[in-house]
Amino acid sequence: MVTATWLDACVLGLVGLLVGSFLNVVIHRLPRMMELRWAAECADFQAAEGEAPPLAPLQSFNLMVPRSRCPNCGHVIRWYENIPVASYLFLRGRCSACRTAISPRYPLIEVINCLLFAWCGWRWGMGLTALAWCGFSAAVLALACIDWDTTLLPDDITLPLLWAGLCAAAAGITTTSLPDALWGAVAGYLSLWLVYWIFKFATGKEGMGYGDFKLFAALGAWFGWEALIPMILMASLIGAVMGVGMKVFSLLREGGYMPFGPFLALAGLTSLLFGPQSILSALGL
């Protein structure tokens, strides 16, 4: 049984490496795809109103095409230069053509996703439950990185994550009952929605985006309504500490804002690994 557990962990860990490589593509391209879609919609609206000529057709840009390239010299990444972690080490972290440094975040995301998948395999074995939580881990990791880079939490990920949590609960794949998952989603969305409007009425400013509501609703769907308080406490505490630290060292972005989604994602992954109650214990509650 122990051998089978470790074998499951190794197999899913290998899958996690490959999925992590794809996550790097998603993190980089999905925000750009959204921007292109918004630009096309604006151009179509202006053309319909007679305010501007129709936008010329753009080259295909999605998660599959064009092939990955070096952003500095345009060198097309060959298949053997795109092997998770191994290629980064072989190339010593530099483009093979222009020798420009490659961000270490690429292999880091691959390794983190590998470890998350391996943990799911070790915890649940090779089955639907492990695969469901692997999907959860990959989605949350991608959302955290996208939000940190762009302050966007794409509906293309948050909404499927929310529905997947509800469906997994309904099918008995997770230990969360369907009523707990449903009320977790409702409470997760409405709680941050209320905070948003209270803050806006009090200050006239927007303290967070609607993507945060959807992400918290998705976490509620996966873990149930009882896990919401531990997760929001952890996210708020770590976010506050990080915010103060970044302000002291002048690392905040223009406007002094910091996305909240990565801290929600961190709380969700912590709940996956250790359980929501462990958060309360760590906080001394």
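Which residues have the most contacts inside the largest nonpolar core? They are Phe136, Leu161, Phe223 and Met231, in a core of 59 residues, where a nonpolar core is a set of buried Ala, Val, Leu, Ile, Met, Phe, Trp, Tyr and Cys residues joined through side-chain atoms within 4.5 Å. This is a predicted model, in which local features need pLDDT of at least 70 and side-chain atom pairs count only at pLDDT 80 or more, while totals for chains, interfaces and linings use all residues. Residues are numbered from 1 along each chain as its sequence is written, and side-chain values use heavy atoms, with hydrogens and water left out.

Colour helix H4 (128-150) next, since H4 gives the most to this core, with 14 residues; helices here are DSSP runs of H or I with at least four residues, numbered from the N terminus.

Then select Phe136, which touches Leu161, Leu219, Trp222, Phe223, Gly268, Leu269 and Leu272, leaving out residues up to four places away in sequence; contact means heavy atoms within 4.5 Å.

Move to Ile157 in helix H5 (residues 155-170), which counts as buried because its relative accessibility is 12% (buried is under 20% relative accessible area, exposed over 50%, partly exposed in between, with a 1.4 Å probe and protein chains only). Beyond its neighbours within four places in sequence, Ile157 is in contact with Val26, Leu30, Ala139, Ala142, Leu143 and Ile146.

Finish at Val186 in helix H6, which counts as partly exposed because its relative accessibility is 31%.

Methods
Helix = DSSP H or I, 4+ residues; strand = E, 2+ residues; numbered from the N terminus.
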